[in-house]
Amino acid sequence: MLSCFAGFYAPSAQAEGSQDLVSSGGDRPYLEFRTDTNGGVQRRTIIKVYVNQGETLDLGSSAAGIGNGTINYRRPNNTSGTCGTSGLIADRAQEVAGPGDGTGGTFIPCRVTVGAGEAGIWEIDFVSPDPSSGDNPPPLAGTAAWTEENNHGLVSAWDVTVRSSTGIKIPGRVYANYYAFNIGGN
């Protein structure tokens, strides 16, 4: 009976980015951003984040600037923006170090400041290099280096960091209604 109950209990996952999801080991959970569906559910993760006026979002993706890869965002007031090619997380060291000024292994994020009338829940799309690709990646340890070819309809690494107006990190604001992940095997 206990095993039946355990099958229905699923604790919520909280993460500010892929680094949090692989910090305890296991295989890399590639974030899906694809055009196809599975069981009627679109294989596309929309990350949500709560921010207040004056706070800053630091955004990063391993797919930024690769093929169609970019970071798009939608404000609560229904306006949207894009990071274009900025915010690239180039390697595992940058994923671990997080956003910064490009020194000490950090990546230079796409930085967005929350203006007047923009406080609330923002939506972030980490667009993959080829959303029409149905390729599955090879399984890869979460702490291993990834390569661009593993990113087709997937994003290997991503980050959403909320900072106060004074630059202090504010954890616990990032979530999703569902995560579409692919680890390349069962």
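In which strand does arginine 163 lie? Arginine 163 lies in strand β10, which spans residues 158–163. The model examined here is predicted: local features require pLDDT of at least 70, side-chain atom pairs count only at pLDDT 80 or more, and totals for chains, interfaces and linings use all residues. Residues are numbered from 1 along each chain as its sequence is written, and side-chain values use heavy atoms, with hydrogens and water left out.

The secondary structure of the protein comprises three helices and twelve strands; helices (H or I, at least four residues) and strands (E, at least two) are DSSP runs numbered from the N terminus. Of the 186 residues in the protein, 45% are buried, where buried means under 20% relative accessible area, exposed means over 50%, and partly exposed lies in between (1.4 Å probe, protein chains only). Contacts are defined by heavy atoms within 4.5 Å. Among contacts in the protein with a separation of 6 or more, 72% are between residues 24 or more positions apart.

An open sheet is formed by five strands in the order β6-β5-β8-β3-β11, with antiparallel pairing; two strands pair if DSSP finds at least two bridges between them. Isoleucine 46 has aspartate 125 as its bridge partner in β8.

Strand β5 contains threonine 70, a residue that is buried at 11% relative accessibility. Its side chain reaches the backbone oxygen of glycine 84 at 2.7 Å. Leaving aside neighbours within four places in sequence, threonine 70 is in contact with Ala63, Ala64, Thr82, Cys83, Gly84, Asp125, Phe126 and Val127. The loop between β5 (70–74) and β6 holds asparagine 78. Phi of asparagine 78 is near 70 degrees, a positive value in a residue other than glycine, and asparagine 78 is exposed, with a relative accessible area of 74%.

Asparagine 52 is located in the loop between β3 and β4 (56–61) and is partly exposed at 28% relative accessibility. A polar contact of 2.9 Å links its side chain to that of tyrosine 50; such a contact is a pair of N or O atoms within 3.5 Å, and within protein one atom must be able to donate a hydrogen and the other to accept it, with residues adjacent in sequence counting only if both atoms are side-chain atoms. The C-alpha atoms of asparagine 52 and glutamate 118 are 7.6 Å apart, although these residues are 66 residues apart in sequence. Beyond neighbours within four places in sequence, asparagine 52 is in contact with Val114, Ala119 and Arg173.

Strand β10 pairs with β4 in the antiparallel sense over six bridges, and threonine 161 in β10 is the bridge partner of aspartate 58. Six of the six residues of β10 are buried, so this strand is largely enclosed by the rest of the structure. Both of its faces are covered, with Trp158, Val160 and Val162 buried on one side and Asp159, Thr161 and Arg163 buried on the other. For arginine 163 the relative accessible area is 15%. The side chains of arginine 163 and aspartate 58 are joined by a polar contact of 2.8 Å. Leaving aside neighbours within four places in sequence, arginine 163 is in contact with Glu55, Thr56, Asp58, Pro99, Arg111, Ile168, Lys169 and Ile170.

The largest pocket has a volume of about 180 Å³. Pockets were identified on a 1 Å grid over the protein atoms alone, as open sets of points where a 1.4 Å probe fits, with protein on both sides within 12 Å along at least five of seven lines; lining residues have an atom within 4 Å of a point. Grid points are joined across faces, edges and corners, and a volume is the space filled by probe spheres set on the points. The lining of the largest pocket consists of 15 residues, of which Glu16, Asp20, Asp159, Thr161 and Lys169 lie nearest its centre. Two or more lining residues are given by each of α2 (18–22), α3 (92–97) and β10, and β10 gives the most, with four residues. The lining divides into seven nonpolar, three polar and five charged residues, where Ala, Val, Leu, Ile, Met, Phe, Trp, Tyr, Cys and Pro count as nonpolar, Asp, Glu, Lys and Arg as charged, and the others, Gly among them, as polar.
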